[in-house]
Number of protein chains: 2
Amino acid sequence: MTVKKNGQTLVFSNPPAVLATAAVVGPKEGEGPLSGWFDVVKPDRLLGMKSWERAECKMVEEAVTLALGKAKVAHKDLDFYLGGDLLHQIITSSFAARSIDVPFFGLYGACATIAEALCLAAVLVDGGFATHVALASSSHHDTAERQFRFPTEFGVQRPVTAQYTVTAVGAAVVGPPGKGKMQITHATVGRVVDYGQKDPMDLGAAMAPAAADTILAHFQDTGRAPESYDLILTGDLASVGHPLCVELLRRAGLVLDGRFVDCGMMLYDETQETVAGGSGCGCSASVFAGYLARNLEQGKFRRILLVATGALHSTTSAQQGESIPCIAHAIVVERSG
Amino acid sequence: MTVKKNGQTLVFSNPPAVLATAAVVGPKEGEGPLSGWFDVVKPDRLLGMKSWERAECKMVEEAVTLALGKAKVAHKDLDFYLGGDLLHQIITSSFAARSIDVPFFGLYGACATIAEALCLAAVLVDGGFATHVALASSSHHDTAERQFRFPTEFGVQRPVTAQYTVTAVGAAVVGPPGKGKMQITHATVGRVVDYGQKDPMDLGAAMAPAAADTILAHFQDTGRAPESYDLILTGDLASVGHPLCVELLRRAGLVLDGRFVDCGMMLYDETQETVAGGSGCGCSASVFAGYLARNLEQGKFRRILLVATGALHSTTSAQQGESIPCIAHAIVVERSG
């Protein structure tokens with residue numbers, strides 16, 4: 001048996017299809033530049049539920065149901081559900097898995113979770129362990145802010161390096177090679193990288209070295225040039241972290257042009273007061289499941305490299321003065337055929 | 001391509017080997033009935049570190065290093081590290097992954113994590129995506145108790161249904177079929193099951209239905225009889241949950257005899273004041289990596305079914321009055337050849 005791995009990069013010999021995706025977002029995300037690309041924009045963040053946590057779970061269930069419907073995959077034909085989110089013990093994903101009611105793998109990769117899930121879904125399908133795998137990654141502004149920072153009701157002022165946790169879910173259904181309009185061809189699995197940054201109000205700077213590490217590994221492993229991709233997207237480095245990543249890559253000899261962008265900088269415009277930009281497990285997940293997937297399906301993009309980025313700290317580690325270990329996983333998604 | 005899955009059960013056509021395991025435990029676990037089966041018993045729970053969280057991380061690093069050494073797998077030949085633990089944002093695993101320094105998949109399955117990790121490691125190897133995968137699952141009494149219940153210094157009295165979070169790590173290295181003395185032949189991936197139990201001081205009762213669900217699925221999918229296994233072990237249902245699981249299985253027509261035991265009931269004896277028994281991600285992980293692996297290697301056991309059990313709640317969900325969704329994943333490990 002041939003090992004389908006070169007360095008950190010898995011090469012899918014029979015690229016699993018992305019049969020369908022769905023993005024469900026909150027009101028603020030629905031007012032941003034990518035508004036038209038999402039499946040559902042919610043008018044408020046509570047959705048009539050008794051807690052924000054329930055609202056986030058509801059959005060995940062809706063996104064997964066939508067994606068399964070678009071993919072025309074019935075519940076009985078769904079082998080696994082993979083999910084992760086920012087909340088302690090990933091309760092959003094676990095509670096959503098209760099109603100999705102198929103064998104469940106819980107994942108934690110912070111804001112890199114969507115790429116971890118797409119990678120493992122592709123592994124399960126390409127390895128012959130599954131026919132259809134559903135996955136989702138989510139975040140919710142209020143559930144995350146009160147857990148990691150301050151309850152939003154406090155109105156605490158944020159430093160300029162801080163990012164705004166998005167209210168958004170990205171879901172996808174991965175299936176057999178040759179089906180659907182998109183396929184996953186490669187996954188570069190990240191190592192944990194930590195340059196000693198300790199400020200949880202500046203996660204972009206903490207994550208930039210992890211993103212650069214995975215991007216460099218990807219191009220070395222595949223031997224590709226940046227021009228192989230229509231877009232190369234970091235997950236949520238935002239306006240402080242993305243330029244740092246550009247600089248780290250430049251020093252390593254890799255110069256990326258205007259095709260190198262960041263999902264956290266694409267979700268909002270400057271009038272929306274999100275300080276450095278968006279972040280959260282739903283950030284790159286919803287940009288992928290909305291904007292990127294639609295443009296791949298419509299043939300505007302031929303191939304993209306999504307480098308989802310995650311900061312793997314907790315409030316405990318931050319309060320204990322530990323630095324912030326970070327990770328980035330890269331996924332190549334291209335138009336089929 | 002044949003799908004290697006029947007119902008919820010993956011069947012590994014070329015069973016990946018468990019090349020080596022290592023169990024590192026705390027002092028209390030080292031005084032229990034399984035004492036002689038662990039690789040390292042620590043004399044205290046702080047290990048000279050400045051925080052219990054650092055001590056837990058140190059124990060994980062030590063267990064993984066030990067397992068890699070026993071397996072004679074060099075760092076350059078290690079493809080992936082898979083890890084999970086109980087702490088918010090799985091900081092133990094993420095910080096350990098920083099020093100292990102290979103591509104990392106973060107997992108969250110609560111106390112079922114060891115089985116989730118063994119399953120995904122086997123998937124990666126059997127699917128041809130990796131040659132060697134290291135994995136670990138850990139818990140630490142003081143880090144978990146202060147996060148989920150009360151700081152241990154408070155000396156809060158515990159109800160009789162409560163379990164005692166173990167200080168323990170179980171690590172393993174999974175590798176190519178035909179190597180080593182143990183192999184993973186099947187994995188039954190659990191669904192999230194929730195019977196509406198809301199008391200986080202009685203997790204055994206919450207998890208029992210999930211364990212029964214996965215055990216029934218396993219025997220239905222494989223067509224095997226319980227006699228196929230020398231031992232069938234739940235993870236940490238302990239003395240309240242295990243009899244409930246026995247009863248749920250009996251009502252479903254499956255009567256298990258004395259070979260049906262629980263890792264949480266094996267780790268301590270009645271003099272150790274652990275109330276209902278042990279729990280935590282390190283519970284079934286250390287029983288597997290110590291007692292079970294040694295007995296499989298020595299030929300005393302021919303084949304075991306480990307049904308690791310996890311409660312997927314958080315303090316947030318408990319405080320919001322939500323019930324406790326649970327999961328159980330089952331792994332078949334047998335002596336090779």
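Predicted model: local features only at pLDDT ≥ 70, side-chain atom pairs only at ≥ 80, totals over all residues.
I started with helix length: the expected span of a helix is 1.5 Å times one less than its number of residues.

**Helix α2, chain A**

Next I looked at burial, where 20 or more other C-beta atoms within 10 Å makes a residue buried. In α2(A), 16 of the 20 residues are buried, so the rest of the structure largely encloses this helix. I also checked what comes after the helix: K72(A) follows, with a positive phi near 55°.

**Helix α6, chain B**

I ran the length check again on α6(B), residues 203-222. For 20 residues at 1.5 Å each I expect 28 Å, and the end C-alpha atoms are 28 Å apart, so that agrees. Is it enclosed or open? With 16 of its 20 residues buried, α6(B) is largely enclosed by the rest of the structure. The residue after α6(B) is G223(B), and its phi is positive, near 70°.

**α2 against α3, chain B**

I then wanted the packing of two helices. Such a pair is described by the angle between the axes and the distance between them. For α2(B), residues 52-71, and α3(B), the axes come within 9 Å and cross at roughly 50°. The crossing is right-handed. Which residues make the contact? From α2(B) I listed E53(B), E56(B), C57(B), V60(B), E61(B) and V64(B), and from α3(B) I91(B), T92(B), S93(B), F95(B), A96(B), S99(B) and I100(B). Sorted by class, that contact has 7 nonpolar, 3 polar and 3 charged residues.

**Chain A against chain B**

How many residues does each chain put into the contact? I count 54 from chain B and 54 from chain A. On the chain B side, the elements giving two or more residues are α3 (91-100), β6 (104-106), α4 (113-126) and α10 (315-319). That side splits into 26 nonpolar, 18 polar and 10 charged residues.

**F148, chain B**

Buried or exposed? F148(B) has 22 other C-beta atoms within 10 Å, so I marked it buried. Leaving out residues up to four places away in sequence, F148(B) touches P200(B) and T315(B). F148(B) and T315(B) are 167 residues apart in sequence, yet their C-alpha atoms are 6.1 Å apart in space.

Terms used
Residues numbered from 1 in each chain as written. Chains lettered and ligands numbered in written order. Buried ≥ 20, exposed ≤ 12 C-beta atoms within 10 Å, placed from the backbone. Helix = DSSP H or I, 4+ residues; strand = E, 2+ residues; numbered from the N terminus. Contact = placed C-beta atoms within 7 Å. Nonpolar A, V, L, I, M, F, W, Y, C, P; charged D, E, K, R; others polar. Axes fitted to C-alpha atoms, helices over the stretch in contact; angles between N-to-C directions. Left-handed = near helix turned anticlockwise from the far one by under 90°.
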